[in-house]
Amino acid sequence: MQRDYSVPTLFKGAALQRPRWQWLYWGPPGTSSTLHVDVAGSAAWNVIIKGYKLWWFYFEGGCYNAITGPGDIIVTPPEVAHEVVNLTPCLAITHNYIRE
């Protein structure tokens, strides 16, 4: 499946994109992640293939949210706590990365 897509141009220059930091997520409506910070101080990009997700980001003393849908890319900065819930059946690809 990794040959069926390419890393978005904006993220191709990231120095560290480990294969074990790449995920394909599929879930029904209502499935979610718990509040967390990504691994090893990494950032992450997430692209939605099908469906919609609601994201919450907690930083600088505030809570910010976004809804992503097919073709949307969202970035989670390093060390930013976040959580997400599928609003519909959803298929997405995520890569964590570290820029030098």
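# Reading strands, rings and a pocket

Guide: Strands β2 and β5 run antiparallel, with 4 bridges joining them. The model is predicted, with local features needing pLDDT of at least 70 and side-chain atom pairs pLDDT 80 or more, while totals for chains, interfaces and linings use all residues. Residues are numbered from 1 along each chain as its sequence is written, and side-chain values use heavy atoms, leaving out hydrogens and water.

Visitor: What counts as a strand, and how many strands are there in the protein?

Guide: A strand is a DSSP run of E with at least two residues, and a helix is a run of H or I with at least four; both are numbered from the N terminus. The protein has 7 strands and 0 helices. Read from the N terminus, the elements go β-β-β-β-β-β-β.

Visitor: When do two strands pair, and which strands join β2?

Guide: Two strands pair if DSSP finds at least two bridges between them. For β2 (43-50), the antiparallel partners are β7, over 7 bridges, and β5, over 4 bridges. On the β7 (90-97) side, Ala43 stands opposite Tyr97, and Ala44 has Asn96 as its bridge partner. On the β5 (73-76) side, Trp45 is opposite Val75.

Visitor: In what order do the strands of that sheet lie?

Guide: The order is β1-β7-β2-β5, an open sheet of 4 strands with antiparallel pairing. Its edge strands are β1 and β5, each of which pairs on one side only.

Visitor: Is β2 mostly covered or mostly uncovered?

Guide: Buried means under 20% relative accessible area, exposed means over 50%, and partly exposed lies in between (1.4 Å probe, protein chains only). β2 is mostly covered, as 6 of its 8 residues are buried. Across the 100 residues of the protein, 35% count as buried.

Visitor: Which strands form the open sheet of 3 strands?

Guide: That sheet has the order β4-β3-β6, and the pairing is antiparallel. At its edges are β4 (62-68) and β6 (81-86), each pairing on one side only. Strand β3 (residues 53-59) is joined to β6 over 6 bridges in the antiparallel sense, and Phe57 stands opposite His82 in β6. With β4, β3 makes 7 bridges, again in the antiparallel sense, and here Trp55 faces Ala66.

Visitor: Which residue takes a positive phi in the hairpin of β3 and β4?

Guide: Glu60 does, with phi near 50°; the hairpin has 2 residues between its strands.

Visitor: How many aromatic pairs are there, and what is the rule?

Guide: Rings of Phe, Tyr and Trp (its six-membered ring) pair if their centres lie within 6.5 Å; planes under 30 degrees apart are stacked, over 60 edge-to-face, and the rest tilted. The count comes to 3 aromatic pairs. One of them is Trp23 with Tyr25, which is stacked at 6.4 Å centre to centre and 25° between the planes. Trp23 is partly exposed because its relative accessible area is 31%, and Tyr25 is partly exposed too, at 39%.

Visitor: Why is the pair of Trp55 and Phe57 stacked?

Guide: The planes of Trp55 and Phe57 are at 5° and the ring centres 5.9 Å apart, so the pair is stacked. Trp55 has a relative accessibility of 5%, so Trp55 counts as buried. Phe57, at 7%, is buried as well.

Visitor: How much space lies in the largest pocket, and which residues are the closest to its centre?

Guide: On a 1 Å grid over the protein atoms alone, a pocket is an open set of points where a 1.4 Å probe fits, with protein on both sides within 12 Å along at least five of seven lines; lining residues have an atom within 4 Å of a point. Its volume is the space filled by probe spheres set on the points, which are joined across faces, edges and corners. Here the largest pocket holds about 410 Å³. It is lined by 24 residues, and the closest to its centre are Tyr25, Ser33, His36, Val84 and Thr94.

Visitor: Which strands each supply at least two residues of that lining?

Guide: They are β1 (22-27), β2, β3, β5, β6 and β7. Tyr25, one of the residues closest to the pocket centre, is also the stacking partner of Trp23.
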